[in-house]
Amino acid sequence: MSTTQKEDNVLVKIEDDRTGLSIPTLRRALADNLYYGLGKFPAIATRNDYYMSVSYTVRDRLLHRWIATSESILQHKSRVVCYLSAEFLLGPHLANNMLNLGITEAMRTATEESGLDMDDLVEHEEEPGLGNGGLGRLAACYLDSMATHDIPSIGFGIRYEFGIFDQIIRDGWQVEVADRWLHNGNPWEIARPEQGVIVKFGGRVNHYQDEHGHYSVRWDADREVLGVPYDTPIPGYGTNTANTLRLWKAEAPRSFDFQIFNMGDYLGAVGDKMVSENISKVLYPNDNVSQGRQLRLEQQYFFVSCSLQTILRFHKNRGLAANSLHEKFVVQLNDTHPSIAIAEMMRLLVDEEDMDWESAWNVTTKTFAYTNHTLLPEALERWPVSLFERLLPRHLEIIYEINRRFLNDVAEKYPGDSDRIARVSLIEEGPERYIRMAHLASVGSSSINGVAELHTKLLKDKVLRDFYILTPDKFKNVTNGVTPRRWLALSNPELSELISRHIGDGWIKDLSQLRGLESTVDDTNFQSEWRAIKRKKKEVLAKKVKATTGVQIDPDSIFDIQVKRIHEYKRQHLNVLHIITLYNYLKANKPTSFQPRTFLFGGKAAPGYFMAKLIIKMINSVADVINKDDDVNQLLKVAFLPDFNVQFAQKIYPAADVSEQISTAGKEASGTGNMKFSLNGALTIGTMDGANIEIREEVGPDNFFLFGLTEQEVMEKKNSGYNPWQYYESNANLRQVLDQLRGGVFSYGDVELFRPLVGSLLNRDEFMLLADYQPYVECQKRVGEAYLDRDRWTKMSIYNVSRMGKFSSDRAVKEYCDKIWKTNPMPIKITEYQQSTAELSVCKLPETF
């Protein structure tokens with residue numbers, strides 16, 4: 001921001017050091033933030049000090065937009081989207097914020113002229129690991145898109161002190177190490193302790209008549225926790241909007257008991273502090289033990305209650321009645337984790353706002369919308385009733401009442417249908433009774449959406465079939481998308497520059513414009529540039545692989561990559577079965593036209609998921625044997641990339657030739673890694689699962705390597721008595737591979753190591769690996785043959801990129817706005833810096849968030 005004034009009849013440009021963008025102003029700002037923000041000078045400043053000063057300089061230029069956006073939300077009448085998610089996997093902020101603010105080159109020049117290396121500082125940034133995978137990354141993409149398209153919104157989540165663990169590989173096994181992402185400070189957040197809220201747990205519920213003879217309820221809790229908000233600005237690309245991500249930290253209302261301390265109980269004096277802070281201590285504690293399960297529920301209720309209390313307080317401070325809350329806010333539940341919000345909203349409205357049940361239920365159901373992200377039964381959360389009795393007794397009463405009224409309505413519509421009543425009930429009866437959280441979210445929301453066309457169909461047909469029959473109008477589909485800012489413009493600047501040189505840069509906000517690339521598909525010069533960029537990105541990844549694993553890989557080989565959370569349904573072990581098959585083929589033959597292959601894996605296994613950890617061990621054991629075998633290691637390499645995260649992903653996706661999307665059909669809700677790979681020119685080998693189906697429809701069947709059973713065929717095989725032994729006995733190559741695994745060939749003679757995996761495949765094979773093995777091997781052969789024709793492969797790669805417009809998170813957010821949220825863009829205007837009006841002027845405003 002700048003203004004001009006006359007000095008000696010010469011117009012002089014005056015810039016605010018907080019917002020100005022000239023190189024001298026930016027350099028002054030860097031110095032000011034180092035000296036006055038950090039109290040350091042160059043002779044003693046560390047790499048982290050310089051990172052912090054650069055980040056504060058960028059943040060200063062962001063805050064003007066952020067404040068203007070907050071002021072506009074206060075005054076504007078657009079409905080505000082509140083996105084509740086247990087995960088926000090944002091990735092590093094610095095480079096992304098510079099891109100979205102349009103100041104990357106100016107900041108790069110200013111830092112270089114100041115003697116700093118911008119790339120080194122970007123690499124230094126600690127990544128906030130506040131998510132486990134696709135769910136949290138999707139939430140981050142949606143925040144980016146909502147800001148980019150001026151949708152008034154706030155994200156709400158948890159400020160985990162330790163995020164998803166750092167993964168190291170020791171003797172081939174995953175070892176979890178605490179993710180200390182906050183240890184050097186976080187320059188992007190601003191604490192708001194004055195806006196803290198109290199959250200209650202435990203105790204008992206008292207029912208009584210008040211002085212007016214009205215029935216009343218009082219929850220007398222035995223424990224209270226203070227929720228302290230930390231706000232992070234989320235800037236849009238090429239716009240003035242900067243929305244807010246509010247993350248909650250748990251603290252004790254009284255962190256130190258002086259009386260207990262004076263009695264000599266020094267640990268007891270800080271006991272409340274330790275117990276309270278555990279709630280926001282770590283992302284997803286291990287729920288294999290009862291304490292872990294309780295802590296998960298405490299986390300979910302904690303951030304939900306903090307968020308809803310804040311929304312209601314903000315609404316009332318604007319002078320509006322609680323019964324109009326749904327007109328001003330829509331609350332999106334990102335999967336079942338925040339679904340306790342339904343009961344908490346009813347508690348706030350009925351118990352705190354004295355609203356009658358019917359009115360409160362009307363507001364609640366019109367406020368909430370529910371996104372389902374899973375088809376796996378174990379991921380549809382259930383909580384023991386006994387746990388609710390101890391932890392959230394008032395909410396249990398509310399859930400019982402919601403269920404009673406709901407089941408009465410169902411019984412009226414389907415009299416005598418006790419089976420249907422049992423299926424839809426919010427309470428699962430049995431030796432131990434459970435609360436079905438997906439059912440609570442479905443009953444208490446105005447909208448239920450899946451995240452890919454197949455996923456939504458399966459929700460209607462199977463997972464939530466009874467709810468679809470009851471309320472078909474609630475069900476909608478919004479296929480997931482990814483932000484092109486981080487996943488192409490930032491991750492792959494060379495390819496982005498090539499694209500923009502030919503079709504302009506409008507695609508960064510409107511990904512459908514990539515269709516314009518199709519006019520270049522036969523241009524041999526364009527193809528050469530395309531291949532050169534891919535080669536360069538492969539060289540960058542090869543150096544990273546060497547540095548992190550010690551494995552030397554050939555950039556001229558096919559980079560075949562599978563990076564995602566490790567889970568049996570994602571079938572990383574099917575990939576390994578093919579690698580061993582290929583290894584056996586190369587050992588027995590000396591092919592002359594074989595294109596060298598490099599198979600790369602990455603992803604984390606849940607700490608308590610033994611089979612997933614064993615898959616990681618198997619990948620590393622197979623890699624160890626193959627990479628040391630001089631007969632084949634010039635043609636075949638395998639590596640597991642430790643600690644896969646957003647920062648690592650930004651190097652992986654641009655370098656991939658082949659994208660492995662090989663989950664069992666009907667198990668993956670959508671997937672977003674498939675989109676990121678295709679957006680960077682990788683070709684997909686995949687099943688008809690999740691968003692693979694729609695990607696194949698968009699890019700064309702000729703540009704997608706399809707194999708495997710369909711969802712319908714999977715069900716038919718299981719219903720007819722699937723027998724994996726038949727495949728083992730009838731397929732010599734498969735039999736050899738499995739015999740090698742259980743015979744110790746890849747475990748230095750240890751015949752017990754992989755017995756659980758092989759036994760699971762031969763005796764149960766829940767995810768149909770053996771049925772899909774031969775089609776997968778044959779499809780991989782087609783991949784190798786296609787790669788030999790470089791011109792054809794390049795055209796297929798260009799087509800993949802050019803036809804990815806549908807898979808932008810911008811498109812998805814617009815669909816949410818139209819179908820579910822019923823809100824409109826709110827463009828933000830910011831005023832130019834004027835020295836004459838730069839002074840502080842205080843006026844009374846309603847309380848902000």
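Leaving aside neighbours within four places in sequence, which residues is arginine 59 in contact with? They are Pro187, Trp188, Glu189 and Ile190, where contact means heavy atoms within 4.5 Å.

Quick caveat: this is a predicted model, where local features need pLDDT of at least 70 and side-chain atom pairs count only at pLDDT 80 or more, while totals for chains, interfaces and linings use all residues. Residues are numbered from 1 along each chain as its sequence is written, and side-chain values use heavy atoms, with hydrogens and water left out.

Back to arginine 59, which sits in helix 2, residues 47–75 (helices are DSSP runs of H or I, at least four residues, strands are E runs of at least two, both numbered from the N terminus). Arginine 59 is buried, meaning under 20% relative accessible area with a 1.4 Å probe, protein chains only. Still, arginine 59 has no salt bridge (a side-chain nitrogen of Lys or Arg within 4 Å of a carboxyl oxygen of Asp or Glu). The nearest side chain of opposite charge, aspartate 60, is 5.0 Å away.

Now the cores. The largest nonpolar core has 118 residues (buried Ala, Val, Leu, Ile, Met, Phe, Trp, Tyr and Cys joined through side-chain atoms within 4.5 Å). Helix 9, residues 290–317, gives the largest share of this core, eleven residues. Phe302, Phe388 and Trp821 have the most contacts inside the core. Beyond four places in sequence, tryptophan 821 touches residues including Arg79, Met146 and Tyr816. Apart from that core lies another, of 78 residues, with Val122 and Ala656 among them.

Notes: Buried means under 20% relative accessible area, exposed over 50%, partly exposed in between (1.4 Å probe, protein chains only). Lys and Arg count as positive and Asp and Glu as negative; His and the chain ends are not counted.
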